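Work through the exercises below with the sequence and the structure at hand. Each task is followed by a worked solution.

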Amino acid sequence: MNSKSQFVTPSVVDPTTGRSTPLERVEFCPEGTGRYDESWLQQLLFAAHNLLPVEEIEPTFAGVVPVCRELVTDAGPLDLMLINQHGLLTFVECKLWRNPEARRKVVGQILDYAQEISRWSYEDLDAAVRKANGSTGRSLWEIARDKFGLDSEATYIDRVTKHLRNGTFLLLIVGDGIRENTEAIASYLNQYAGLGFALGLVEQQIFRLPGSENLLVQPRVLAKTVEIGRLIVRSEQSGIIVENEARLVDRTAPVSRTITENFFIEEVAGSSDLAARLHRFFDSVKAAGLTIQATKRGASLKICSPSANQSLLMLTRQGDVENRNLGTSDLGRRYLHKLRALIPNATIKEDKNKESGWRTMITKDNGKPVRIEDVVSVSEGLIELMKKTAQEFDALPSQSGRSDSSELDA
């Protein structure tokens, strides 16, 4: 049985009569031979960038706004460039996948663009953006300032410069329908995960709405890099030089991590000793079979049970540790009492909630939140506790005894 997810032609349904009308698929055409070609798709995505499922691929890149089209590089013109409030860059290349040449070349092409741009200074990037924007000549900072309400140009330039130096980009290849060799393309993408880029294949299927000029656009993520190694990245004249820290430290260490996780650690701990401890903590969490998931836009990370997807801890970019809602079940309360015993100077707080009744959570005995440093310092016992509790949650009947973690996803 073929378990691959496939598009099914959508229909418009009249709820009164029950009559359904299948939508007509928009067929893309070779460049310059009709309305719906690669240039049209590029224009569409620039105007409606919410059609790019950035958050589903790498949450910390979410919140993008378009910067320019046809960014000129020595490797060729990049179709689209977008940026978010963190100064993280997303590059988009639009290709019609029915073209065999495109299937062979597009992955290497977008990687060439990324490597070329990684050699640029902020001033180089800004000049290229101004040139691409033509008569408007808007700078990268002006675009970011107006879209995100930022007030420190120097801070933003520093952030973009750091991402350029590290080659921290999201690369999206967007096409009309990849009908063959998807696995081979995905495998090829993953070979380049060590470069520090996150990559994704996105399919856009487009349908005409009856009696209207409006279109139904249906994006789908076909493949994406799941994890990258912990890398030592330096920029030299020859380009990005990457060394895998696992090879330098311990060949058996589980050091794979998403860009969102790495960005989270950097935001919380910078280059302090806590950053190294968090890297080791995340490695141990994954080695224990637990999952690490990002909340909206990567603002926080949740440590969850693998099957029931029960959140056991949430770590925020402010450095706090949240464990609300777990106390709404007997199993959750037992877990929190054991967690309190592990963390020095921690206490149980009972709080009355209108919807869920009494709930239990862990705070410090001075009333302040538990901090990430507190849980990392007891990582060995904590991970064992989370592992056992995750197994108990996963063994429960569906929804039985599980807490509502929706509050943690906010």
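**Exercise 1: an open sheet and its helices**

Start from the pair β13 (residues 300-304) and β14 (residues 311-316), which run antiparallel and are joined by five bridges. Strands are DSSP runs of E with at least two residues, helices runs of H or I with at least four, both numbered from the N terminus; two strands pair if DSSP finds at least two bridges between them. The model is predicted: local features need pLDDT of at least 70, side-chain atom pairs count only at pLDDT 80 or more, and totals for chains, interfaces and linings use all residues. Residues are numbered from 1 along each chain as its sequence is written, and side-chain values use heavy atoms, leaving out hydrogens and water.

Solution. 
1. S300 has T316 in β14 as its bridge partner.
2. The open sheet has five strands in the order β12-β13-β14-β15-β18, with antiparallel pairing.
3. β12 (291-294) and β18 (370-371) are the edges; each has a single partner strand, so one side of each lacks a neighbour in the sheet.
4. Helix α9 (residues 259-269) lies across β12, β13 and β14, at about 120° to β13. Angles run from 0 to 180 degrees between N-to-C directions of axes fitted to C-alpha atoms, for helices over the stretch in contact.
5. Helix α13 (residues 379-395) touches β13 and β14 (contact: heavy atoms within 4.5 Å), and its direction makes about 135° with that of β14.

**Exercise 2: strand β8**

Task: which strands pair with β8, and in which sense?

Solution. 
1. β7 (residues 169-175) pairs with β8 in the parallel sense over six bridges; L170 stands opposite A198.
2. β9 (residues 215-224) runs antiparallel to β8, with nine bridges.
3. β3 (residues 24-25) pairs antiparallel with β8 over two bridges.
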